[in-house]
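Let us walk through this model step by step. Keep the structure open as you read, and find each part as it is named.

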Amino acid sequence: MDELLKQLQFARQSTIDYVKQLDERRLEGMPKGFNNHIKWNLGHIYVAFENIVFRLTGENAKFPVNFPELFSPGTSPKQWTMEVPETTELITLLEDQLERLASLQSKSLDDAIPEVYTTSTGAKFLTVGDCVSFIIYHEGMHFGIIKSINQVLQEGE
């Protein structure tokens, strides 16, 4: 478990460090061809992590008000009608998630999760290890999207 958690921490810290150095005005820019912006991706990373790493493994998931409605799969800032969190709040929440990972230390990667879960793409999660492995992939995928959005916005300036 330790190695996977180190990889997860590395992926998360990479995301946080990258976003912290971005110009604030780029965080809500949505270039042509993208359904979401960088800020949405940060909230989505948070919601997915809570659902997959904490809820599915039997730990307590923490969702700030309106987060599932704002950041779940299939949502987009184009449909937002409610107040959204500040970027600093999103970054703090992402940092706090890493601290909460200690709750998984008592589990084994082979421990079965309370209920088998199948993603929208057909991936099946049976164990704690399945959840942690997937969220590392998910984090990296959204980090790549964040970098792509930033690059497109930078080129348009």
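This is a predicted model. Start with a helix contact. On the α1 side, the residues involved are L8, Q9, R12, Q13, I16, V19 and K20. On the α4 side, they meet I91, L94, E95, Q97 and L98. What classes of residue make up this contact of α1 with α4? Six are nonpolar, three are polar and three are charged.

Now look at how the two helices lie. Helix α1 covers residues 2-20, and helix α4 covers residues 87-100. Their axes come within 10 Å and cross at roughly 165°. An angle over 145 degrees counts as roughly antiparallel. Therefore α1 and α4 are roughly antiparallel to each other. The crossing of α1 past α4 also has a hand: it is left-handed.

Next, turn to the aromatic rings. How many aromatic pairs are there? The count comes to eight, with ring centres within 6.5 Å as the rule for a pair. One of these pairs joins F125 and F134. Their rings sit 5.1 Å apart, centre to centre. The planes make an angle of 50°, and the pair is tilted.

Are F125 and F134 buried or exposed? Buried means under 20% relative accessible area. F125 has a relative accessible area of 2%, so F125 is buried. F134 has 17% relative accessibility, so F134 counts as buried too.

F134 also pairs with Y137. Here the ring centres are 5.7 Å apart. The planes stand at 55°, so this pair is tilted as well. Where do F134 and Y137 lie? Both are in helix α5, which spans residues 128-155. They are three residues apart there, so about one helical turn separates them.

Another group of rings deserves a look. Y46, F67, F71 and W80 form one aromatic cluster.

Finish with a loop. N66 is found between α2 (38-55) and α3 (67-71). How accessible is N66? Its relative accessibility is 28%. The partly exposed class lies between the buried limit of 20% and the exposed limit of 50%. So N66 counts as partly exposed.

Conventions:
Residues numbered from 1 in each chain as written. Predicted model: local features only at pLDDT ≥ 70, side-chain atom pairs only at ≥ 80, totals over all residues. Heavy atoms only, no water. Axes fitted to C-alpha atoms, helices over the stretch in contact; angles between N-to-C directions. Helix = DSSP H or I, 4+ residues; strand = E, 2+ residues; numbered from the N terminus. Parallel < 35°, antiparallel > 145°, perpendicular 65-115°, else oblique. Left-handed = near helix turned anticlockwise from the far one by under 90°. Contact = heavy atoms within 4.5 Å. Nonpolar A, V, L, I, M, F, W, Y, C, P; charged D, E, K, R; others polar. Phe/Tyr/Trp six-rings, centres within 6.5 Å; stacked < 30°, edge-to-face > 60°. Buried < 20%, exposed > 50% of the residue type's maximum accessible area, 1.4 Å probe, protein only.
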